[in-house]
Amino acid sequence: MRRQVQLRSSVLATVSLSVLLFEACSGSMPQPAPEASDAVVFNGARVIVGDGTVIESGTIVIEDDRLVAVGDVETVEIPAGAIQVDLTGRTVMPAIVDTHVHLRTTTRDELVEDLQRKAYYGVAAVMSLGRGTGDLPFQVRDEVIPNAALYRTVGRGITAPEPGRTEVPYWISTPSEARSAVQELAPQSLELIKIWVDDRNGQFEKLTPDLYDAVIDEAHQRDLRVTAHVYTLEDAKGLLRSGLDAFAHGIRDVDIDNEVLQLFRDRPNVILAPNLPNPGVTNDLSWLNGTIPPDQLEEMQARSVNNPAAQQQFGIQARNLARLHTEGVTIALGTDGGAGWSPHAEMEDMVRAGMPAADVLVAATRNSATLLELNN
């Protein structure tokens, strides 16, 4: 997949439908006019469904602002009086879901602007993982904002003390503090609890097994799931043994082994959002022309160079992703950033890592929606 996987913005023209009623000259009884319908039907596009199915000539029916039918043009029943739009020659796919973002939350205007930029690039919903403070994230979470992605948040995440880094997450040092943090978060109707298990290259003490055990156990008692920022293979193993539900990063220090593969097999419902790093190769970013300021694009292009050290780090995570995908682990999409276009770069990197393009589309749509429980 090239970066041309981007969803280009399109404008749906308003269609004015005039209904002409004719009486038959043969003297038969006149037929009643069809009842008015607010349905809109899109015909003829190549449709990629969230489970990876491809319909070469599809019909999509939207009614009451809801998707009510998708299928082959020969099989989908079109509501009487529906407006019909011809999309022959186009491709339609589900909108993308980004399960790991950090957007601006200082003001409502900033957050809404970020969400609208996400929607511009074809993103339907995002999850903010662990840096949400105050009431604003929860207020926006409960809204449907025009031309903006849906916003979800885990509120404050949980980590070991990290002096000088950030004081937004809960800092915990005992199992009792771990349980208290979960108890404070639980009433906020969260989709997930976020923990960090990382010493930040030896700068801090990281969450120990007794601490993340307590978080996971307390969360599960309250029907909450837990996702983890993780770095090392050994920490990933410990988290799987403790019953973790999802990973917000892949394993980054070494190539995975058979033991962790077995632990994933033992936990078939665990979801991995690999969050791949810079691949360290030169990329043509011209596909972003006209969507970001020219000077910003010029700077980004200048930074896009071959970097052997970055390639080595990418290689570890790419091999791990490819192996876990082959083993049947459920893969989702997360970018760990705020740029509207970043999901497309991540999807390209997932293909670069060895995932088939069709499976990447499933990961970025259906699987990511499942992680955020948007299909419930």
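Predicted model: local features only at pLDDT ≥ 70, side-chain atom pairs only at ≥ 80, totals over all residues.

Trainee: What do the buried residues of α1 pack against?

Mentor: By that contact rule, their partners are β6 (96–101), β7 (123–128), α2 (136–141), β8 (150–153) and α9 (342–352). The buried residues themselves are Leu-111, Val-112, Asp-114, Leu-115 and Lys-118.

Trainee: How do you know that they are on the same side of α1?

Mentor: They cover an arc of only 160° around the axis, so they sit on the same side of α1. As a rule, an α-helix has 3.6 residues a turn, so residues three or four places apart point the same way.

Trainee: What span is expected for α1, and what does it reach?

Mentor: Helix α1 (residues 108–120) has 13 residues, and at 1.5 Å a residue the expected span is 18 Å. From first C-alpha to last it reaches 18 Å, close to that expectation. After α1 comes Gly-122, with a positive phi near 90°.

Trainee: Why is Val-126 called buried?

Mentor: Its relative accessibility is 0% and the cut-off is under 20%, so Val-126 counts as buried. Val-126 lies in strand β7, and its contacts beyond four places in sequence include Leu-115, Lys-118 and Ala-149. The C-alpha atoms of Val-126 and Ala-149 are 6.8 Å apart, though 23 residues separate the two along the chain.

Trainee: And why does Thr-232 count as buried?

Mentor: Thr-232 has 18% relative accessibility, and the limit is under 20%, so Thr-232 counts as buried too. Thr-232 is in the loop between β12 (225–230) and α5 (233–242). Leaving out residues up to four places away in sequence, Thr-232 touches Lys-206, Ile-251 and Asp-253.

Trainee: Which residues of the largest nonpolar core touch the most other members?

Mentor: Ile-158, Ile-195, Leu-239 and Phe-247, out of 71 residues. Helix α4 (residues 209–221) gives the largest share of this core, 6 residues. A second, separate core has 14 residues, including Met-127, Leu-192, Ala-248 and Leu-371.

Trainee: What describes the packing of α3 and α4?

Mentor: Two packed helices are described by the angle between their axes and the distance between the axes. For helix α3 (residues 175–185) and α4, the angle is about 35° and the axes are 8 Å apart. The crossing is right-handed. Among the residues making the contact are Ala-178 and Val-182 of α3 and Leu-211 and Ala-214 of α4.

How values were computed
Residues numbered from 1 in each chain as written. Heavy atoms only, no water. Helix = DSSP H or I, 4+ residues; strand = E, 2+ residues; numbered from the N terminus. Buried < 20%, exposed > 50% of the residue type's maximum accessible area, 1.4 Å probe, protein only. Contact = heavy atoms within 4.5 Å. Core = buried A, V, L, I, M, F, W, Y, C linked by side-chain atoms within 4.5 Å. Expected span 1.5 Å × (residues − 1). Arc of directions from axis to C-beta. Axes fitted to C-alpha atoms, helices over the stretch in contact; angles between N-to-C directions. Left-handed = near helix turned anticlockwise from the far one by under 90°.
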